[in-house]
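This note sets out points for a colleague who is reading the model alongside its sequence. The points run from overall properties to individual residues.

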Amino acid sequence: MRHICGPETMALNGPVLHIGLVGPLPPPYGGMANQTRQLAGLLQQEGVRVEVIQVNAPYQPAWAGKIRGLRAVFRLIPYLLRLWRAAGQVQLFHIMANSGLAWHLFAAPAIWIARLRNTPVIVNYRGGEARLFFQKSWRWIKPSLDRTHAIIVPSGFLEAVFGQYGYAAGIVPNIIDLSRFSVRPQTDGDGTDWTDAPHIVVTRNLEAIYDNATAIRAFQIVKQSVPRARLTVAGAGPEKTMLEHFVTELGLQDSIRFTGRIDNDAIAALYQSADMMINASLIDNMPISILEALASGVPVVSTDAGGIPYLVEHNKTALLVPKKDPDAMANAMLKLLRSPQLADSLRSCGLASLERYTWNSVKRHLFTVYQQALVHGQH
């Protein structure tokens, strides 16, 4: 008989609960990897025993990661063995799940192994491409979902997607550590007005779904009216070379800097130097990058893709524009630069909106889900 306890006991009288947390860890510093590492640490602070089953563990031996085809075997077999062992020891699995191959290779096996070992399962689904993924692969996804004890998602957007397929998903938001970020004064050290020489940042990976080319095109339009504007693009990905060539074609190489992938501390420092964050994504769920910008007091201009309208409210906590529309994005950026009062309002409301993403708020929801999954797992 597995020990069942209420949320107050789990949170305070530990170590009581023993969970297996299945997910990626940095590096690389992606949203899900950062959330997995952060959640593990916060749960441990509450007295919970946490065993992380890492889906992107380093290859052993290291040379196996260099051989295409073979590397999948060298990662998957040790992962399955770790899952099997952990499922016999922990009280429940908390699986950080995503769309595509990540679901089939990592989330689904964890669900089925937990089923075989009679371990309750919580699927924490986080894929912004869920709707398209479900349309293509539902007959493969459904049997695994039917063997979970709870489904949680970070946004109302994904809650609605699961609802369309007849599954109730509880909302447990992403967690942001506000102590990592601080709000700087809106004038430079020499008294220069930030609207005259704004530092604009993009903090998304260089992948097609984030449409960084539209962000760059919008910046080009803004620069025609604000010549001293500059843009920093922080991220890595397969579109790096294409985007660098695009910047050169536009003649913006002196105004746009590519940093490559940067770690959490560097991200916080980047926001400290930023006057505006722009996000041109085509598909999205609940981007932690937007929350980080809000926590730094940096006004946000973003597309209205996927779950973003569930995360921020247009004209209140951010400015939202249609996808693939650089003119609309540039107009919103210029609107902010020409209206410091609007920028100040967005900063203030954005900061106020973050309370629901703090650990003190999120943990109450999460421990309730844990309790329900443990009870459900007994029947």
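1. Charge. For the count of charges, Lys and Arg are taken as positive and Asp and Glu as negative, while His and the chain ends are not counted. The place of a charge is NZ of Lys, CZ of Arg, CG of Asp or CD of Glu. On this basis the protein carries 36 positive and 28 negative side chains, and the centres of the two sets are 10 Å apart.

2. Basis of the model. The structure is a predicted model, in which local features need pLDDT of at least 70 and side-chain atom pairs count only at pLDDT 80 or more, whereas totals for chains, interfaces and linings use all residues. Residues are numbered from 1 along each chain as its sequence is written, and side-chain values use heavy atoms, with hydrogens and water left out.

3. Overall form. The protein contains 14 helices and 12 strands; helices (H or I, at least four residues) and strands (E, at least two) are DSSP runs numbered from the N terminus. Its radius of gyration is 22 Å, close to the 21 Å that the globule rule gives for 379 residues, so the protein is as compact as a globular protein of that length. That radius is taken over C-alpha atoms, and the rule is 2.2 Å times the number of residues to the power 0.38. Along the principal axes, the C-alpha atoms fill a box of roughly 70 × 45 × 40 Å.

4. Surface and contacts. The accessible surface comes to about 16600 Å², and 53% of it belongs to carbon and sulfur atoms; areas come from the Shrake-Rupley method with a 1.4 Å probe, and for residues only the protein chains shown count as cover. Of the 379 residues, 55% are buried, where buried means under 20% relative accessible area, exposed over 50%, and partly exposed in between (1.4 Å probe, protein chains only). A contact means heavy atoms within 4.5 Å. Among contacts between residues at least 6 apart in sequence, 75% join residues at least 24 apart.

5. Aromatic pairs. Rings of Phe, Tyr and Trp (its six-membered ring) pair if their centres lie within 6.5 Å; planes under 30 degrees apart count as stacked, over 60 as edge-to-face and the rest as tilted. The whole structure holds 14 aromatic pairs. In one of them, the ring centres of Phe134 and Phe162 are 5.2 Å apart with the planes at 80°, so the pair is edge-to-face. Phe134 belongs to helix H5 (residues 130–145) and Phe162 to helix H6 (residues 156–164), so the pair ties together parts that are 28 residues apart in sequence. Both Phe134 and Phe162 are buried. A single aromatic cluster is formed by Trp103, Tyr125, Phe133, Phe134, Trp138, Phe162, Tyr165 and Tyr167.

6. Helix H10. Eight of the eight residues of helix H10 (residues 288–295) are buried, so this helix is largely enclosed by the rest of the structure. Glu292 is among these buried residues. They pack against helices H2 (31–45), H9 (264–272), H11 (308–311) and H13 (340–352), and against strands E10 (276–279) and E11 (300–303). After H10 comes Gly297, with a positive phi near 70°.

7. Ala293. This residue of H10 is buried, with a relative accessible area of 0%. Leaving aside residues up to four places away in sequence, Ala293 touches Tyr271, Met277, Val298 and Val300. The C-alpha atoms of Ala293 and Val183 are separated by 9.7 Å, although these residues are 110 apart along the chain.

8. Leu243. Leu243, in helix H8 (residues 240–249), counts as buried at 0% relative accessibility. Beyond residues up to four places away in sequence, Leu243 touches Leu206, Asn212, Ala213, Ile216 and Phe258.

9. Backbone points to inspect. Most residues other than glycine have a negative phi, and most peptide bonds are trans. The peptide bond from Pro26 to Pro27 is cis, with omega near -10°; Pro27 is in the loop between strand E1 (18–23) and H2. Asn315 has a positive phi near 70°, lies in the loop between H11 and strand E12 (319–321), and is partly exposed, with a relative accessible area of 39%. Lys324 also has a positive phi, about 55°; Lys324 is found in the loop between E12 and helix H12 (326–338) and is exposed, with a relative accessible area of 56%.
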